[in-house]
Amino acid sequence: MFINGASAISPLPVFDALTKGINFEFLTAAKGRVAEPDYSNLIDPKLIRRMSRIIRMGVVTALDALKQAAIANPDAILTGTAFGCLEDTGVFLKRLVENKEEMLTPTAFIQSTHNTVGAQVALLLKCHSYNNTYVQRAHSFELSLLDAQLWLTEHAGQAVLVGAADELTDYSYSLLERFGTFKHQCGGEGAAYFLVQSAASASSWAEIETIHTLYQPTEEELLELVRSISAPAKEQPVDLILSGEENHDEKAHLYMNVKAAAGDNIPVVNYKQFCGTYPTASAFACWLGAYWLKTGTIPAGWGPVMPAKRILIYQTDNLGYHSLILLKAC
Amino acid sequence: MNREQLVEELKQQIIEQLNLQVKPADIVASDPLFNEGLGLDSIDALELIVLMQQKYRIKLANAEDGPKVFQSVDTMADFILANQTTQAG
C-alpha cells in the first residue's frame with residue numbers, strides 16, 4: 001500500500017513542510033495546540049464558520065492529500081478518532097444543562113458526532129463512496145489503515161483517503177490531566193490524512209509495508225512480532241524507530257526491548273515530543289516517517305548517516321494498546 | 001431600547017450565534033439574510049428561531065411566518081417590537 005499524498009496539521013508547524021521544510025522544536029506548552037494554517041485560502045469562508053478546530057484540520061489535510069495525488073474523488077474515506085469532536089460535544093452538553101434541555105441549537109449537536117470529520121470531507125467532495133470512522137482508543141488510526149489495506153486488496157487500482165484526527169479542548173485537558181494522562185508528556189492534538197493506493201506514483205511518499213495491532217500482549221508476544229517484522233528485512237534493516245515513548249515513561253523498558261528486538265543500534269526519535277500525547281498521535285508519526293523517507297531530511301544526529309529506507313513506528317499506552325507500522329522508501 | 005438600537009443588537013447577536021466572519025457594519029439591515037444576502041441556510045434558520053426565543057422570549061407560533069419574519073434584520077426587529085408590545089399590552 002503506497003502513500004501517494006500526505007498532509008498533517010500538528011502543534012509542530014508541518015502543513016507546508018514540502019515547500020518550507022520543518023523547523024523542529026520540542027513541544028513545551030502543557031496544552032499543545034495545533035499550528036493552524038490560514039484556512040481562508042483553503043476552505044470556503046461560508047463553510048469554515050460552522051467547523052470546529054478538529055473539522056477544519058481534518059478537512060484541510062484530507063483535501064491536501066487528495067490534491068497531491070491528483071485524485072478528485074476517493075473510492076473510500078476512512079477516519080480514526082478516539083475522542084471525536086470534543087469541542088462541539090462540550091458546547092452541546094453545556095447548553096443542554098444551562099437551558100434545561102430546551103431551546104437547543106442544531107449546529108453543535110450535528111457536528112458533535114465522531115464521524116463528523118469523515119462526513120464533512122465526503123459532503124465537500126460530494127463523495128458517496130464507502131465512509132467509515134474507527135473509534136478504538138489508541139488503535140483508531142491503525143484500524144483505519146488496516147481497513148484501507150483490506151479495501152485495496154479487494155479493489156486494486158482504487159484510491160483510499162485514510163487518516164486520523166483528535167482535538168484537545170480546555171475541558172478535556174482538565175479531565176485528562178486529573179487522570180494523569182499528561183504526567184510525562186504535554187497534551188497534544190492533530191490531524192493527518194493519506195491518500196493510499198496499491199501502486200506507487202510520481203507523487204509517492206512511502207510504502208506502508210506492515211501494520212500490526214496488539215491488545216495487552218505478553219512482552220514475549222510483542223517482541224516476537226517485532227523480530228518477525230524486522231527479520232525479513234535483514235538485508236535492508238530498520239534504519240530508524242519513531243517511538244511513542246514519553247518522558248520518564250513507566251514503559252521505558254518495553255520501548256528499550258522493542259528497540260533491541262528490531263535490530264542493533266537503531267536510532268530512535270520520540271515523536272510525541274513534537275506533537276504531544278493523544279490517542280491518534282501515531283498518524284502524525286506516520287506522516288513524519290513518510291516525510292523523512294520522501295525528502296531524506298532527517299536532522300543530523302537523529303537518524304542514520306545514509307538516507308533511511310525503512311522506518312518502524314511503535315507505540316503503546318497504559319491500557320495495553322500496542323501498534324507497529326513499518327514504512328519503506330519508494 | 002429603540003428600533004435602531006435593536007437592529008444593531010440583532011446584527012451583533014446574529015454574528016455571534018452563527019459565527020459569521022463579518023462585522024456588524026457589513027450587514028445591511030434591509031438585505032436578505034438567506035440565499036443571496038448573508039447566504040444563510042436552513043440550519044441557520046433554526047439557530048435564529050432559538051436566538052429569538054432565548055434572548056427576546058418570543059416564540060414563532062406559526063412556522064409558515066418564518067420566511068417573512070427572517071427575511072432581513074429589519075423584519076426581525078419589526079417582529080420583535082410588535083410581539084413585545086403585544087406581550088406588554
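1. Helices (H or I, at least four residues) and strands (E, at least two) are DSSP runs, numbered from the N terminus. One to start with is helix H3 (residues 53-68) of chain A, with 16 residues and a reach of 23 Å from its first C-alpha to its last. That is close to the 22 Å expected at 1.5 Å a residue, where the expected span of a helix is 1.5 Å times one less than its number of residues. Of the 16 residues in H3(A), 14 are buried, and a residue is called buried if 20 or more other C-beta atoms lie within 10 Å of its own, exposed if 12 or fewer, and partly exposed in between, with C-beta atoms placed from the backbone. After H3(A) comes Ala70(A), which has a positive phi, near 55°.

2. A word on what you are looking at. This is a predicted model, in which local features need pLDDT of at least 70 and side-chain atom pairs count only at pLDDT 80 or more, while totals for chains, interfaces and linings use all residues. Residues are numbered from 1 along each chain as its sequence is written, and chains are lettered from A and ligands numbered from 1 in the order in which they are written.

3. On confidence, the predictor gives the complex an ipTM of 0.75 and a pTM of 0.92. Chain B has an average pLDDT (the predictor's confidence in each residue, from 0 to 100) of 90, and 94% of the residues score at least 70.

4. Chain A is divided into domain 1 (2-197) and domain 2 (206-328), with bounds that come from an automatic or database domain assignment. Their C-alpha centres lie 22 Å apart. Where they meet, 40 residues of domain 1 of chain A are in contact with 32 residues of domain 2 of chain A; contact here means that the C-beta atoms of two residues, placed from the backbone, lie within 7 Å. On the domain 1 side, H7(A) gives the most, with 7 residues.

5. Now for the inside. A nonpolar core is a set of buried Ala, Val, Leu, Ile, Met, Phe, Trp, Tyr and Cys residues joined through C-beta atoms within 7 Å. The largest one has 94 residues, and Val160(A), Val196(A), Phe284(A), Trp287(A) and Ala290(A) touch the most other members. Helix H12 (residues 281-295) of chain A gives the most to this core, with 11 residues. Both domain 1 (2-197) and domain 2 (206-328) of chain A give residues to the core, so it lies between them. A second, separate core of 17 residues includes Ile27(B), Leu33(B), Met52(B) and Val73(B).

6. Between the chains, the contact takes 8 residues from chain A and 11 residues from chain B. On the side of chain A that touches chain B, helix H2 (45-48) and helix H5 (106-110) of chain A each supply at least two residues.

7. Finally, a look at His212(A), which is placed in strand E6 (residues 206-215) of chain A. His212(A) is partly exposed, with 17 other C-beta atoms within 10 Å. Not counting residues up to four places away in sequence, His212(A) touches Leu225(A), Ser323(A) and Leu324(A).
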